[in-house]
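Take a look at the fold below.

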Amino acid sequence: GILPQMLQGPYIGILDEIDFVRPDVAYVMQRGLEGNGLVVTEDGGRVIKAHPMSRLFATGNTVGQGDEYGMYQGARPQSIALLERFTVWAKVDYLRSSERKKLVKGRVPSLAADMVDVIDKYVTEHLEAFTTSKVLQPITPRGYLELAQGIAMYTQMMPDPKRAVEKAVEMVVLDRATVQDRAVLMGITNRVFV
C-alpha cells in the first residue's frame, strides 16, 4: 500500500482531508505515525521502519472533531490517539487583502483594478460574516476566483455592468446559499457592489 511505500523513503506524504477517513482505517495508520515501525500483517508481520527523512502531513477543516455545524458533510470525529500522533499543528488563516488582490489580478487580468478592489471588499465582508457566524457559507480562494471570472465573463456579454455583476454574484454565491445566508450575503452584495 501507499503508507508503507511513503515510510520507506525520503518521501513527504500528504493525507488530505484526514477528517473524512474511517476511524478503523485511521487506527491502522497509528503505529506507522508513531515512528516505531509499521507492521504489515498481510506480509507475514514484516515491520517497516520509517526512513529518517520520511514525513507525513494531514489537512482537515474540522481539526479531527467531525462536522458539528453541517458544513463538512461526511467528516468524522477522529480518535485522540490518532490526533496525538501529529505533533505539530498549524492553523492556516485566510489570505490577506493584498494577497487576494494579487491572486485575482494574476488569474483574471482582464478585470479593472477598481473591480478587483470591489471584489476584495466583498470577500472581506463575506469572510467577516462567516467567521462571526452570521453565515454558514464560507468564501474560499476558489470561490472568489470564480466570482472574479464570472464578473469578467458577464461584463463582456452584458451591456449593463451592474447587471453583469449581479448575475455573477447570483451564479457563484447566492444560488448555492441557504435562505438565511442568502439574505445576509445579498445585503453585503447590495452594499459593496453599488
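This is a predicted model. Of the 194 residues in the protein chain, 36% are buried. Buried here means under 20% relative accessible area. The accessible surface of the chain comes to about 12,100 Å². Carbon and sulfur atoms account for 56% of that surface.

Next, the overall dimensions. The radius of gyration of the protein chain is 22 Å, whereas a compact globule of 194 residues would have one near 16 Å. Along the principal axes, the C-alpha atoms fill a box of roughly 70 × 35 × 25 Å.

Now the secondary structure. The chain has eight helices and four strands. In sequence order the pattern is α-β-α-β-β-β-α-α-α-α-α-α. Contacts reach across the sequence too. Among those between residues at least 6 apart, 65% join residues at least 24 apart.

Charge comes next. The protein chain carries 23 positive and 23 negative charges. Their mean positions are 3 Å apart.

Finally, zoom in on helix H6, residues 141–157. H6 has 17 residues and reaches 24 Å from its first C-alpha to its last. That is close to the 24 Å expected at 1.5 Å a residue. Which residues of H6 are buried? They are Gly143, Tyr144, Leu145, Leu147, Ala148, Gly150, Ile151, Ala152 and Tyr154. An α-helix has 3.6 residues a turn, so residues three or four places apart point the same way. What covers the buried residues of H6? The cover includes helix H4 (97–107), helix H5 (113–131) and helix H7 (161–172).

Note on methods
Residues numbered from 1 in each chain as written. Predicted model: local features only at pLDDT ≥ 70, side-chain atom pairs only at ≥ 80, totals over all residues. Heavy atoms only, no water. Helix = DSSP H or I, 4+ residues; strand = E, 2+ residues; numbered from the N terminus. Rg over C-alpha atoms; globule rule 2.2 N^0.38 Å. Buried < 20%, exposed > 50% of the residue type's maximum accessible area, 1.4 Å probe, protein only. Contact = heavy atoms within 4.5 Å. Areas by Shrake-Rupley, 256 points an atom, 1.4 Å probe, with all protein chains shown as cover. Lys, Arg positive; Asp, Glu negative; His and termini not counted. Charge placed at Lys NZ, Arg CZ, Asp CG, Glu CD. Expected span 1.5 Å × (residues − 1).
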